[in-house]
Amino acid sequence: MEEYHTWQNFGNSHRFSFCQYPFVISVAAKKIIIQRDSEQQMINIARQSLVDKVSRRQRPDMNILFLNMKVRRTHLVSDSLDELTRKRADLKKKLKVTFVGEAGLDMGGLTKEWFLLLIRQIFHPDYGMFTYHKDSHCHWFSSFKCDNYSEFRLVGILMGLAVYNSITLDIRFPPCCYKKLLSPPIIPSDQNIPVGICNVTVDDLCQIMPELAHGLSELLSHEGNVEEDFYSTFQVFQEEFGIIKSYNLKPGGDKISVTNQNRKEYVQLYTDFLLNKSIYKQFAAFYYGFHSVCASNALMLLRPEEVEILVCGSPDLDMHALQRSTQYDGYAKTDLTIKYFWDVVLGFPLDLQKKLLHFTTGSDRVPVGGMADLNFKISKNETSTNCLPVAHTCFNQLCLPPYKSKKDLKQKLIIGISNSEGFGLE
């Protein structure tokens with residue numbers, strides 16, 4: 001942090017700082033810098049709110065120190081959008097979530113679930129904001145024009161809040177998205193400067209639409225007469241609500257044939273249209289949403305792939321590493337129930353292992369520091385062995401009854417992790 005503050009105060013001028021050479025800093029160290037920087041911003045914003053209250057001779061309320069989200073499960077997107085719009089000045093405060101009609105107290109678990117459910121709903125194909133590409137297993141921004149891009153801003157805010165509050169999200173964006181998100185890494189002071197625009201290539205397109213990218217690569221390497229064999233013009237066609245629309249890639253593009261001489265220009269303009277121009281308004285709203293929360297010089301230290309790890313964590317689960325780092329309360333790792341547990345879990349297919357992680361931590365992704373950073377704990381639950389396991393996602397804690405057989409433990413565990421949504425308290 002000393003290095004970071006030196007760099008912030010003196011830039012690249014007279015004082016040496018390792019932050020001038022971010023390639024030598026690990027992503028785990030960068031995560032610590034961003035977290036500390038975020039914490040300091042949270043403290044400053046909360047302190048200012050407190051001072052404002054006192055200066056107006058109003059009684060201070062603890063709620064002013066937090067970004068308090070109160071949402072209904074049945075209206076999750078609209079309520080979240082309304083709350084974040086209304087509380088735009090509080091985005092840099094510590095996040096706390098309440099589900100209307102539920103008694104859960106948010107110590108971290110409700111926040112994780114809010115992110116999970118909201119992301120799942122927004123990225124559903126029926127919602128129309130994002131298109132899922134099966135070949136690349138990733139989402140991309142829908143190019144459909146609309147009157148209001150506020151929901152794209154909401155997704156950007158969600159990603160920013162996740163980084164700001166150290167929550168990992170299950171978002172499947174291609175690497176190109178994070179490159180655009182850092183273009184530029186700091187919001188320009190001149191609002192006329194375009195944001196989210198970066199140099200893109202066929203390789204970037206291949207990460208989203210591999211078949212189309214392959215076709216463009218064939219066009220570039222074609223040894224025959226491109227004009228006669230492909231019969232293309234500087235025009236692109238897109239389907240929007242069942243209607244095919246055409247766009248010129250350059251003025252008069254519909255009358256300009258693609259030839260051996262201009263095919264590189266055609267491919268570059270085509271790629272730029274798909275990844276930059278056709279989704280500019282959507283991505284700009286997303287960009288401003290993210291940076292409204294995460295505006296920090298620390299972003300200049302990050303490479304695009306590092307932003308992706310901070311947002312999404314790693315999808316690679318190493319359950320053996322989790323076993324080695326697990327702490328126990330009421331159990332010893334040599335107890336029969338614990339041996340049964342790990343025999344069952346290590347034998348689970350990947351989808352059940354992810355469900356277990358989600359059940360106990362609120363996310364099925366691994367944070368930057370690996371499984372050890374989860375601080376996973378198994379506690380003895382002195383209840384009837386007829387009961388299901390219980391989890392405290394706020395503390396990454398699994399409460400496990402002392403089941404007498406491996407079969408019984410496996411059955412109860414699968415039922416528990418497969419029905420883990422909601423915080424119903426009696």
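What volume does the largest pocket have? In this predicted model, the answer is about 960 Å³. Its lining takes in 40 residues, and Lys31, Gln35, Asn165, Ser166 and Ile167 are the ones nearest the centre. Five elements each supply two or more residues to that lining: α2 (27–55), β2 (94–99), α4 (109–122), α5 (150–164) and α12 (304–312). Of these, α2 gives the most, with nine residues.

Now step back to the domains. The assignment lists domain 1 (1–9 + 22–189 + 280–312), domain 2 (202–278) and domain 3 (319–418). The largest pocket draws at least three lining residues from each of domain 1 and domain 3. Between the centres of domain 2 and domain 3, taken over C-alpha atoms, there are 51 Å.

On to the charged pairs. The structure has 16 salt bridges. One of them joins lysine 406 to aspartate 343, at 3.6 Å from N to O. Lysine 406 sits in helix α16 (residues 406–418) and aspartate 343 in helix α14 (residues 336–347), so this pair ties together parts 63 residues apart in sequence. Both ends are partly exposed: lysine 406 has 37% relative accessibility, and aspartate 343 has 47%.

Aspartate 272 and lysine 277 also meet in a salt bridge, 3.8 Å from N to O. Here aspartate 272 is buried, at 16% relative accessible area, whereas lysine 277 is exposed at 53%. Lysine 380 pairs with glutamate 382, with their closest N and O atoms 4.0 Å apart. Finally, Lys30, Arg303, Glu305 and Glu306 are linked in a salt-bridge network.

Technical notes:
Residues are numbered from 1 along each chain as its sequence is written. This is a predicted model: local features need pLDDT of at least 70, side-chain atom pairs count only at pLDDT 80 or more; totals for chains, interfaces and linings use all residues. Side-chain values use heavy atoms; hydrogens and water are left out. On a 1 Å grid over the protein atoms alone, a cavity is a set of points where a 1.4 Å probe fits but cannot get out, and a pocket is an open set with protein on both sides within 12 Å along at least five of seven lines; lining residues have an atom within 4 Å of a point. Grid points are joined across faces, edges and corners, and a volume is the space filled by probe spheres set on the points. Helices (H or I, at least four residues) and strands (E, at least two) are DSSP runs, numbered from the N terminus. Domain bounds come from an automatic or database domain assignment. A salt bridge is a side-chain nitrogen of Lys or Arg within 4 Å of a carboxyl oxygen of Asp or Glu. Buried means under 20% relative accessible area, exposed over 50%, partly exposed in between (1.4 Å probe, protein chains only).
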